[in-house]
Amino acid sequence: MSGTVGSYLKKHTEALVKDVGIEAAADLCGKSKATLGRYYSADTEHADRFMPIDVVAALEGASRFPHVTGALADLRGITLSYDEDRRNAKPGGINSDVVALSQRFAMLMGEYNQSIEDGKISINEAKRLLAETLAIQKVLIDMKLSLEHEAG
């Protein structure tokens with residue numbers, strides 16, 4: 001696996017664990033916190049170590065967003081979509097979706113503006129930008145579902 005792909009998957013694995021919470025994730029999947037940390041560690045000694053798929057499935061079942069599944073889909077150029085029963089939020093119609101999208105985009109631009117002030121984006125800044133990008137993706141999925149619902 002190329003370093004870029006591996007790094008990408010490790011970042012999303014870390015996001016998944018942090019979404020669930022390290023303690024809860026360890027309890028849920030029966031792995032130690034140290035083992036979970038190794039799955040997303042950027043250290044060269046753990047470069048070839050990835051989270052087993054059954055652990056990914058268990059954690060994504062408890063997470064707010066399927067981070068690793070989303071990353072795998074991104075790598076293949078696939079867009080994920082939730083069915084009506086798995087909506088992230090209660091339906092509010094297209095108007096509330098547009099407002100939410102505008103708010104999230106404003107937050108992304110604010111994060112970007114802060115991040116680029118010194119001319120470079122640090123790892124922590126990139127993580128915050130990624131979190132805002134994922135939030136926008138969630139809003140767009142909700143918006144898509146609202147439009148599909150209104151279209152009949």
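Guide: Start with Arg 128, which counts as partly exposed at 37% relative accessibility. Buried means under 20% relative accessible area, exposed over 50%, and partly exposed in between, with a 1.4 Å probe and protein chains only. This is a predicted model, in which local features need pLDDT of at least 70 and side-chain atom pairs count only at pLDDT 80 or more, while totals for chains, interfaces and linings use all residues. Residues are numbered from 1 along each chain as its sequence is written, and side-chain values use heavy atoms, with hydrogens and water left out.

Visitor: With which residue does Arg 128 form a salt bridge?

Guide: Side chains of opposite charge can pair when their charged atoms come close. A salt bridge is a side-chain nitrogen of Lys or Arg within 4 Å of a carboxyl oxygen of Asp or Glu. Here the partner of Arg 128 is Glu 111, with the closest N and O atoms 2.9 Å apart. Glu 111 lies in helix α6 and Arg 128 in helix α7, 17 residues apart, so the pair links distant parts of the chain. Glu 111 counts as buried, at 18% relative accessibility.

Visitor: How many residues does helix α6 have?

Guide: Helices are DSSP runs (H or I, at least four residues), numbered from the N terminus. Helix α6 covers residues 93-116 and has 24 residues. From first C-alpha to last it reaches 35 Å, close to the expected 34 Å. The expected span is 1.5 Å times one less than the number of residues.

Visitor: Which residues of α6 are buried?

Guide: They are Ile 94, Asp 97, Leu 108, Glu 111 and Ser 115. What covers the buried residues of α6 includes α7 (123-151).

Visitor: How many salt bridges are found in the whole structure?

Guide: The search finds seven. One of them joins the side chains of Glu 14 and Lys 18, at 2.7 Å from N to O.

Visitor: How many residues apart are Glu 14 and Lys 18 in helix α1?

Guide: An α-helix has 3.6 residues a turn, so residues three or four places apart point the same way. Glu 14 and Lys 18 are four residues apart in helix α1 (residues 3-20), and therefore about one helical turn separates them. Glu 14 is buried at 14% relative accessibility, whereas Lys 18 is exposed at 54%. Glu 14, Lys 18 and Lys 127 are linked in a network of salt bridges.

Definitions and conventions
Helix = DSSP H or I, 4+ residues; strand = E, 2+ residues; numbered from the N terminus. Contact = heavy atoms within 4.5 Å.
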